[in-house]
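Work through the exercises below with the sequence and the 3D structure at hand. Each task is followed by a solution in steps.

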Amino acid sequence: MKSSGTGRVLAAMSLGLAFGLYRHYVQMRQLQLGREGFLAQQSQYFDRITGVHSVVFMLIAGVILAAIAVGLYEVIAAGFTKAIPPIQVEE
């Protein structure tokens, strides 16, 4: 009995939807600030990252974020795979 790829496809789609909704939310917040508020926020962000930026810190943060993303994907895919039984084809 082979497992279906439906769980993985649904997991990828749900993570894409969640990320899209998050980006939409962030952009709506930025649009509410107006041009001057947005530029002031970007200036503060620039000042913050210039004080903390280091290659080692960014590499460690990247590895941690990648591990969290892959782990979340696998958990969601496993949940969908258990919820949706695979299609069995008679040979």
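The exercises that follow concern a predicted model.

**Exercise 1. The largest pocket**

Find which residues line the largest pocket, and which helix gives the most to the lining.

Solution. 
Step 1. Start with the volume: the largest pocket has about 220 Å³.
Step 2. List the lining, which is made of Tyr45, Arg48, Ile49, Val52, His53, Phe57, Met58 and Ala61.
Step 3. Assign the helices. At least two lining residues come from each of helix H1 (6–52) and helix H2 (55–83). H1 gives the most, with four residues.
Step 4. Sort the lining by class: six residues are nonpolar, one is polar and one is charged. Arg counts as charged and His as polar, and the lining includes Arg48 and His53.

**Exercise 2. A nonpolar surface patch**

Determine which residues form the nonpolar patch on the surface, and whether Val56 counts as buried or exposed.

Solution. 
Step 1. The patch consists of Val56, Ile60, Ile64, Leu65 and Ile68.
Step 2. Together these residues have about 500 Å² of accessible area.
Step 3. Place Val56 in the fold: this residue belongs to helix H2.
Step 4. Compare its accessibility with the cut-off. Exposed means over 50% relative accessible area; Val56 has 57% and therefore counts as exposed.

**Exercise 3. Salt bridge**

State how many salt bridges a search of the whole structure finds, and which side chains meet.

Solution. 
Step 1. The search returns one salt bridge.
Step 2. Its partners are the side chains of Arg8 and Glu74, at 3.2 Å from N to O.
Step 3. Locate the partners: Arg8 is in helix H1 and Glu74 in helix H2, 66 residues apart, so the pair links distant parts of the chain.

**Exercise 4. Pairs separated along the chain**

Solution. 
Step 1. Val9 lies in helix H1. With a relative accessible area of 47%, Val9 is partly exposed.

Notes
Residues numbered from 1 in each chain as written. Predicted model: local features only at pLDDT ≥ 70, side-chain atom pairs only at ≥ 80, totals over all residues. Heavy atoms only, no water. 1 Å grid on protein atoms, 1.4 Å probe; cavity = no way out; pocket = protein on both sides within 12 Å on 5 of 7 lines; lining within 4 Å. Points joined across faces, edges and corners; volume = space filled by probe spheres on them. Patch = residues over 30% accessible without salt bridge, like charges linked within 9 Å, V, L, I, M, F, W, Y side chains within 5 Å. Areas by Shrake-Rupley, 256 points an atom, 1.4 Å probe, with all protein chains shown as cover. Salt bridge = Lys/Arg side-chain N within 4 Å of Asp/Glu carboxyl O. Buried < 20%, exposed > 50% of the residue type's maximum accessible area, 1.4 Å probe, protein only.
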